Structure formats: C-alpha cells, structure tokens
Amino acid sequence: MDQFLKTHQLSKYFGGVTAVNQLDFTVAQNEIRAVIGPNGAGKTTLLRLIIGELTPSTGKITFNGQRIDGLPSHKIARMGMAKAFQIPQIFPNLSVYDNLWAAAQNGETKLWAGRAWRKQMHERVETVLGQIGLIESAHVEAGDLAHGDQKRLEIGLALGNVPKLLLLDEPTAGLSQNETDAIMQLIESLRGQVTVIMVEHDMRVVMGLADTITVLHFGELLAQGTPDEIRADPNVREVYLSRAS
Amino acid sequence: MNLSWWRVGGAVFGAIGLALLPYVLPQFWIFFVAQIMVWIILAQSFNLLFGYTGLLSLGQSAYFTLGAYGLALLLRHAELGLPLLLIGGVLAGLIGAAIIGYLAVRVQGHGFIIVTAVPTVLLILLGQDQSWLTGGDNGINLTPPKLFGLYSFFKPLTSYYVVLPFFLLMMIFIAWLIRTPLGQAFRLVRENEERASILGYNVLRLKYIAFVIAGGIAGLAGALDALITAYVVPNSASWTISADAIIWTLVGGAGTLLGPIVGTALLLLLREFLSDIWAYGYPLLLGITLLLIVRFAPNGIIGELKSWTSS
Amino acid sequence: MILPALLNGFVWGWITALVALGLNLIYGILGIVNVAHGTYYMLGAVFALVLQPYLGFWGAVAVSVLLVALIGALSERIVLRPLFEQPTMTILATFGILLTFEQAVALTFGLSSRSMADPLGARFELGSTIYPTYRLVVALCAILSVVGLELFLKRSRWGTWIRAVSQNRELAAVQGVPAPLVYSLTFALGTGLAALAGGLTAPIIGVHYLMGVDIVILAFVVVIVGGVGNLWGSVVVAIGAAEVENLLTLVTRPTAARMITFLILALLLVYRPNGIFERRKA
C-alpha cells in the first residue's frame, strides 16, 4: 500500500510555537523511513501526533486507509501501531518477561484466558526476547537493567503486539557502537515485515537502513529522497549535515 | 502465570486452620478474629486500588459505610434473608463507587487523592443531616436475623462462621482477578500509565473498573461489619478509617496478596495487647512505625521478605 | 438575621483561608500532599491553650505559631526531605506525622474537648442582635496575616526565594537560591499559618485532638478549586464557600447547608481540576 501512513496539512501549535506546520507526509507499506532534522524540527512531535499522544491542531492523519487523527492512542495502538520512546518507558518493577507479556497482550482486558491464548502469548514473548537479544535477562526486573538493555527492551515492547507500523524515537540514542550495531541489525531483520518510521540523529544508522529520508526543518518538509539524494542536497547540507556528527 | 503448589497448599492450610480456630479460642477472641477478617477485606479493597493499580484512595471507608447502611436499611425495611442482605451491601458499595469513580478517575495526579476523600465528608454530612434515616451521630442498632433461623449473631461463633466463607471467597476472588488479563493490566497502570496507553490499554477504563470493584469489596466489608457488630453509624465513613486500612496494608506490604492480611492482623493484635497496658500507646507507636516503614521498608513486611528471598 | 450570617461567613472564611493558604504554599511549592496539615492547626490551638496562663492570650498565640512553625520545619527536614523523589511515600509519611502528633496530644490532654475563654469578652450591637467582638478581631488578624504574607512574598528576600523556587526549581538553584532553606521555610510558613488559625479559633470552638481532621479536606478542596499556587484564589474560594454555607443556614438546617456547600465545591473540583480561575489556553 503506497499511502500506508499519510498526513495531510498536519499542524501542531503549542501556545506561540508552531511545532509542525502544514506537513504532508506519506510512508509506503514496509518502507523504512528515516526522519531527520535539527533539534526542534518537529520530529518527535510528528511521532507523537501519529500515535495519538497529541491531537493535531489542524490536518488529517490516515493509517492503513483509516482516519486516526483525534483518536485516543490506545485505540490507534490496537489498530497495529507501536512506538518506542527515546527515553525507555518500561514497567520498572516487572520482569523483562512480564514487560513483553504486557506488550503482547495488546491492551486486552478480558477475564478469561484460555490455554491457547496463553500459549500464543508465551511464544510471542519468546520470539521478541530472541529478537532483542535479552533471553538471559528474561527474569530480571526491568528497572534493574542497564541503559542499553532498557533501550532494547523498549524496542521489544514496541514489537510485542506484532505492529504493522513501528515508530522509533531515536532508537540508538546513548548507545555504544556495538549496541548501535545490534539495534541496526534488529531493524534490518524487520525489513519487509513492518513499516518503520525512525527519528534518528546518528547518520550512520540513517544511511545504513533508510529506504527514504525525510528532512524536517521548523516543522516543515525541507527535503525528501533516497539517502544518496539527501546526501547531495545542498539545502540539507547547509541546514543539517554540516552540523552532524 | 502458574499457581505454585506451595501457594495453593499454603492457602488451603490457612483456610483449614481458620475454620478450626474457634475450637481453640475463647469467645472474645473468636469475635476478634472475625473482626480482623472484616477489616482485612477493607484493606484488600484499598490494596487493589493502590497496591495493584497505583491509585491512592483515601475514600474506601465511604463504600464501607454505604455497604453497612445498605444492609442496615434493607434489614429495617424489607424482609430479606441473609444472602440478599449481604448482596445489598455489596451492591451499595458497587453503585456508590460506580457513580463517584466515574468522576474521580478523570482527575489526574494528586487531585485524585483529595477527590476520593470528598465522598467521605459528604457521606458523614448527609448522615448527620438525614438522621431520621441514619441515626445521625448515634447510628442505628440493628437486630440481625438469625442464621438459618437458629443461630443468633450475638454469639461470636455465628459471626465467625458467616464472615469466614466470605473472607475466603474474597481472597479467592482477588487472587483470581489479579491473574486474569484484566488484573494484570491493572499493574501496568501503576507502573507506567503512559506506556500502558501506548501499548493499547484504555487506562481510564482500567482505573474505573478497579475503582468499582474495590468499592464492592469495601461494601462487603461494611455489610459484614454491620452484621457482626449489629451497629451502623455515618462516622464510619471518616477518611481516618481509610487511613487505618492504608497503614495496615502498607505495613504488611502493598501490592501483595498476603500483605494486607499480615499487616491488619498484626496491627490489630498489637492494638489489643497494648490497650491493656498502655491505652494511647498503640496509635502513637503506629504513627512512628509508619514513619519508619515509609523511610526504611516501603515494601512492607511481605514485600521486604519477597525481596530477601529472591536475591 | 442576614447580617450575623454574613459576618460569620466572613470570619470563618478568613480562618479557612489561613489554613488553605498554608496548604497552598506547601502543596503548591513543595508538591507535598500534606494530610497532616490539620494536625498543625490543632497543635496551634493546643499550644495556645497551654501557654495562655503564662503569656496571656495573644502572647500564647504568637508563641504557639512560632513553636508549630519550628515543628513544621523539623518535620520537613527530618521526615519528608529524605523522601523527596517519592510522592506516594511522602503522603504516607505525613500520615505518620498526623498519627504521631494527634495521639501525643490525646495522650497528654485526653479525648474530650477543652474550652478556652473568649479573650475579649465583649459584644457589640448588630442591628437587632449582638455579636461577639472577638470574632471580628479574628477576621482582622487573618486579614493582616494574609496581607503580611503577600508583602513577605513580594518584598522580602526570603519571599523572593520562595517565589523563585515555586516557579522554576532548577533555575532558582542555578541562581544561587538555597533550596533546602526554602523548603524548610515554606513548610514552617505553611504550618505556622495553620497554627495561627487554630489558635485564633480555639476560644470559639474549643480544643480537641481531632479538630484538624475535617478542616484538612476542606482546605485541600479550597486550594484546588482556587487554583494551586494562586494564593488569592484560595482566599476568594474560602470566603465564598463560608458565605454560601452561612447564608444557606438561613433557609435550611446547618448540616444541609454544610453538605450543599461542600457538594458545590466538590463539583467545581471535578469539573475545573485546575481551579476556577484558570485561563483556558486557545
């Protein structure tokens, strides 16, 4: 589907500040899209708008053909969308296993849990544990994990309910070279199965993974294209890449 | 989540022990244990909200009183058997919580705590105002029906064997509830509301459901209390009574099943022993204990034990 | 009959305002849900009662306020400061404080109410009835205290520090404001105000170890409805509520009047959780 996630004239104002300004943004199914831009460009706000944490001031958002702007985030999540926060938002007193179980449960609050359902859940949790490489830590309390492992758990939580669209907010922020590589491998392994929208500052990650890159500046679209095109774009260079690490 | 055989075994053992306890206790203590069980139910009501769902409610005493009066008024004005009277009490608590909870759970942050205390004040004022109905500050003395037409509630044994099955039922209910997907979702609200929401959980609805269930549990405690003490009074809704339940739960360990049991039993027994030696000593000690627990052992007795054994 | 009711509302409104202001400072600036706040109110009355034979009424009240403020500062420093990052534990700790002081008083003074003589013993004519002068003096004291508080916060160095911390804790720290001092000072100020209210009302309602239990809930509701951090908001809501209640007593029973007033406040609390004076953002 070409317009798997689409925003139309999306704007968000905070008091006097315009975080996102009349943005038209489209992502195709199973694409890996990177969103980059200087601080304050509106990248995180865009993610928050998409998953319903924030309500748009104006504009529409469509997901898989359905209008989602204005819907509460738990409803949007159950439609098959997930987000990994930049600062890990985990359940600190629960074990890693229970954290992932919560994600796999996908907001289900029924009273009766049959054996088949439980089996399915166990399988899902174990799959994700393998994907994020935390099998050994399965019974550690999430709050006791090191930062790098918490970032991995964070992505695991986002993967828990088999999302169709995965939003990643700086998935490699604060990670070492090795840890970043591991995350990159993880995201690469999802190619073709999940649509990914990734906000990132690390250019190596962006260039290595993205099919298309969207560059935002002051909440507006500055440039969009393949990694090569973006690398060559003079506007982008001037605003962003010349300052990048 | 599997139920280990130890736990089930322990629970069965405990239940049998409780059932046989009256054979070895003098009359006074039989009634006392029955009373403890009633207060444990109130503590569990608070525990469900705070220990599991992370909602600090100062107002469970309101639903306790609603349950008590639900039973009392049904007793006065209708010819109903014991089971229906108790159901009436539970319903009173459920309905009260359903109405108040609808507004209360929408209040974010600390405002929620105060909002839960408000119905306690309103209820006491209402009780004082409509004293024709409620007996005002003097309350109402009840004449509970005889159990099976034979056993009078003025005998401690009757009270004990009526409270016991409901106590056990309540514990089984809560133990079951927290293992359901719904019950497990409550914990997520406590741990990280924002995250839970993004994972697809309707946090507001979860809070509401927890609130209503807790109200029903508190209502049951109130109804049972009315039955065994044969007395209801509006002042039982005072938030300081909620505070007692809170302290018992915290000392025992919030967020655990055993915590409220241990905490309530321990502290009430302590109070009883101290009342002979040093009447005021207990509340003073309680205050200081609370300060110590909060500072050094916030997980309570059971919570700290759990940390010990797992590390 | 209206005039005494209006006056009563005025007097009680200002007393409630004192307690609410103290709470507003503590809750608004320190973020502490101080359920023990009523206990400091009670202690204010107790100390006034105890000290009166030695210092006279006004001396007793003044010293009582200072004593309670000191106790408040110590409470903050010893009990609450270590729990700074844990809001729930803090609330529970204030419970502990409440119990400890409440029972210490019950231990020392017993369970029943003690009365305190009207320090002025004067009455004045009010239309067709007479009204105790002392009550007006109480209101006057309260007004002066609130004005004093305002001046203190706006003009004095410590007051500026308190305001700085309330607006932006980190920025204030960077600017060199000594945060720990501000915390203790704020708590002392807040509890001192409550104690003042307690001491002033002792001759009117007596002294009882449980006298703080109800006023604390009312104070919280007033603070939230008036807007946390909005000091004049608390004053307006406190007086407004007291007037409403007292005017209602003209048409219905006192308990019903109290209930209706509280219900109105409660509904305002639910529907305007940021206070009735909040300005809606566009």
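**Entry 1: a strand pair in chain A.** I looked up A:L10 and found that its bridge partner in β2(A) is A:L23. The model is a predicted one: local features need pLDDT of at least 70, side-chain atom pairs count only at pLDDT 80 or more, and totals for chains, interfaces and linings use all residues. Residues are numbered from 1 along each chain as its sequence is written, and chains are lettered from A and ligands numbered from 1 in the order in which they are written.

I then followed strand β1 of chain A, residues 5-14, which is joined to β2(A) by 7 bridges and runs antiparallel to it. Strands here are DSSP runs of E with at least two residues, helices are runs of H or I with at least four, and both are numbered from the N terminus. I count two strands as paired if DSSP finds at least two bridges between them. Strands of a sheet pair through backbone hydrogen bonds, either parallel or antiparallel.

**Entry 2: the sheet.** I traced an open sheet of 4 strands in chain A, in the order β2-β1-β4-β5, with antiparallel pairing. Its edges are β2 (17-27) and β5 (66-67) of chain A, each of which pairs on one side only.

**Entry 3: chain A as a whole.** I noted 9 helices and 10 strands in chain A. The radius of gyration of chain A is 18 Å, close to the 18 Å from the globule rule for 245 residues, so chain A is as compact as a globular protein of that length. That radius is taken over C-alpha atoms, and the rule is 2.2 Å times the number of residues to the power 0.38. The C-alpha trace of chain A spans about 55 × 40 × 35 Å along its principal axes.

I looked up burial next: 46% of the 245 residues of chain A count as buried (20 or more other C-beta atoms within 10 Å of the residue's own, with C-beta atoms placed from the backbone).

**Entry 4: chain B against chain A.** This contact takes 17 residues from chain B and 24 residues from chain A; residues are in contact if their C-beta atoms, placed from the backbone, lie within 7 Å. Helix α8 of chain B (residues 181-198) gives the largest share of the chain B side, 11 residues. I sorted that side by class and got 8 nonpolar, 5 polar and 4 charged residues. Nonpolar means Ala, Val, Leu, Ile, Met, Phe, Trp, Tyr, Cys and Pro; charged means Asp, Glu, Lys and Arg; the others, Gly among them, are polar.

**Entry 5: chain B against chain C.** Here I found 33 residues from chain B and 34 residues from chain C. On the chain B side, α5(B) supplies the largest share, 12 residues.

Technical notes:
Two residues are in contact if their C-beta atoms, placed from the backbone, lie within 7 Å. A residue is buried if 20 or more other C-beta atoms lie within 10 Å of its own, exposed if 12 or fewer, and partly exposed in between; C-beta atoms are placed from the backbone.
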